[in-house]
Amino acid sequence: MKIKNVIFFLLMINILSAKAQHKIVLQLKIPNNIPTKTSNFFIAGDFNGWHTSDKDFQFKESKKGVYTLTLSLKKGDYQYKIVRGDWENAEVDKNGNSINNRKLIVLKDAKVIVPIANWADNFQPVLKKSTAATNVHFMDTAFVIPQLKRTRRVWIYLPQNYFETDKNYPVIYMQDGQNVFDEATSFSGEWGVDEYLNSLPEDEQCIVVAVDNGGALRMNEYNPYNNRRFGKGEGSIYAAFLAETLKPFVDEHYRTLAGARYSAVAGSSMGGLISFYTALYYPQSFGLAGVFSPSFWIAPKLKAEVRKNGRYLNESAFYFYGGGAEPDSMVANIYAMRQILQSASSVKTNVDVIKNGIHNEKFWRSDFPKFYQWCLQLWK
């Protein structure tokens, strides 16, 4: 009994330690010789959805002119950057080049000095060369989203022999369209979806429709739920746009295989969250979902909704990707959601975890071919 008590005691210590919040004080070190046009400094990281103007993550100035921010974080590894409201005003190296995400390893209470080399807006923007393939086009530069009374640029990739055949094709609908095909429009690197598909035999290519995110509205449009920090959740309305407006338009104007089995929705981070949500509530439209590093952390209500509505998903299939070097909750949340899905219905699922994977386009790009090959198997 004594041994059992000791084991139980040790287990409880480990559990409580894992859940404990540690106080992390970050202090900016900004050289006096670099122009700083605004003094609204924020941290954007994987602990707040990479939001660039989250007032709960804004640095405060002391009477001595020192900027500090105190975070409460669980033990784990995190990534972040310092920004001044948007990515155009983010920190860069001394020559104006983009820097890698900073890493924050939380083991205990700590103070971290963050040296800033320079800001992106102190340099002339570098004009990046377009990398989009010739079979990538703008379907519309101002496609109307009637549900939200907004317009959005929409891209479309057509198979290389699209105009030489009368074949109908499966379609993948992707979020964060700026990052799907073109380095020139990407804000954190492109997925290279067009290059990958063009490397395949022509009979294995599909149509890809990519919708640009709404910039400052991204956190709202991709979140189905209201959030104290980020405001009104418009995700359910955006999902309705994908299913009730965009997909019918594409099916009418292009040669598609319109059935849900041949229609996938995919995205990463917040885009992964809204892709999962769309497939959950519109299984008659989207039978497959590519869910890359989903921001399930911001949607705790979602698990209950999956338990309630999962029984309608028997013909659906979900592909999950998570990076082993992302916050601890990422992979755990993916497996938890997969278990709920499988207990509620007979859905097909696949989980791919890359041990050293982090939360960025480089790893999502590297995993896209696995997702696509998974789609091809289901399309046969």
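V306 counts as buried because its relative accessibility is 0%. Buried means under 20% relative accessible area, exposed means over 50%, and partly exposed is in between (1.4 Å probe, protein chains only). The model is predicted: local features need pLDDT of at least 70, side-chain atom pairs count only at pLDDT 80 or more, and totals for chains, interfaces and linings use all residues. Residues are numbered from 1 along each chain as its sequence is written, and side-chain values use heavy atoms, with hydrogens and water left out.

V306 sits in helix α6 (residues 302–309). Helices (H or I, at least four residues) and strands (E, at least two) are DSSP runs, numbered from the N terminus. Not counting residues up to four places away in sequence, V306 touches F276, L280, M337, I340, L341 and A344. Contact here means heavy atoms within 4.5 Å. F42 is elsewhere: its C-alpha atom is 34 Å from that of V306, and 264 residues separate the two along the chain.

Now take α6 as a unit. Its buried residues are L302, E305, V306 and N309. Seen down the helix axis, the buried residues of α6 fall within an arc of 100 degrees, so they line one face. The arc is that of the directions from the helix axis to the C-beta atoms. An α-helix has 3.6 residues a turn, so residues three or four places apart point the same way. The buried residues of α6 pack against α5 (270–281) and α7 (328–344). R307 and K308, on the other side of α6, are exposed.

Step back to the whole chain. The protein has eight helices and 17 strands. Its radius of gyration is 22 Å, close to the 21 Å that the globule rule gives for 380 residues, so the protein is as compact as a globular protein of that length. That radius is taken over C-alpha atoms, and the rule is 2.2 Å times the number of residues to the power 0.38. Along the principal axes, the C-alpha atoms fill a box of roughly 70 × 70 × 35 Å. Buried residues make up 52% of the 380 residues. Among contacts between residues at least 6 apart in sequence, 74% join residues at least 24 apart.

Two loop residues have positive phi without being glycine. K149 has a phi of about 55 degrees. K149 lies in the loop between β10 (136–145) and β11 (150–157), and counts as exposed because its relative accessibility is 76%. S269 has a phi near 60 degrees. S269 is in the loop between β14 (263–268) and α5, and is buried, with a relative accessible area of 5%.

Next, the open space. The second largest pocket holds about 490 Å³. A pocket is an open set of points on a 1 Å grid over the protein atoms alone, with protein on both sides within 12 Å along at least five of seven lines; a cavity is a set where a 1.4 Å probe fits but cannot get out; lining residues have an atom within 4 Å of a point. Grid points are joined across faces, edges and corners, and a volume is the space filled by probe spheres set on the points. Of the 23 residues lining this pocket, K74, Y78, W297, P327 and S329 are the closest to its centre. α7 gives the most to the lining, with four residues.

Finally, the structure holds one cavity of 30 Å³ or more. The largest cavity has a volume of about 40 Å³. Its lining includes W191, S268 and E361.
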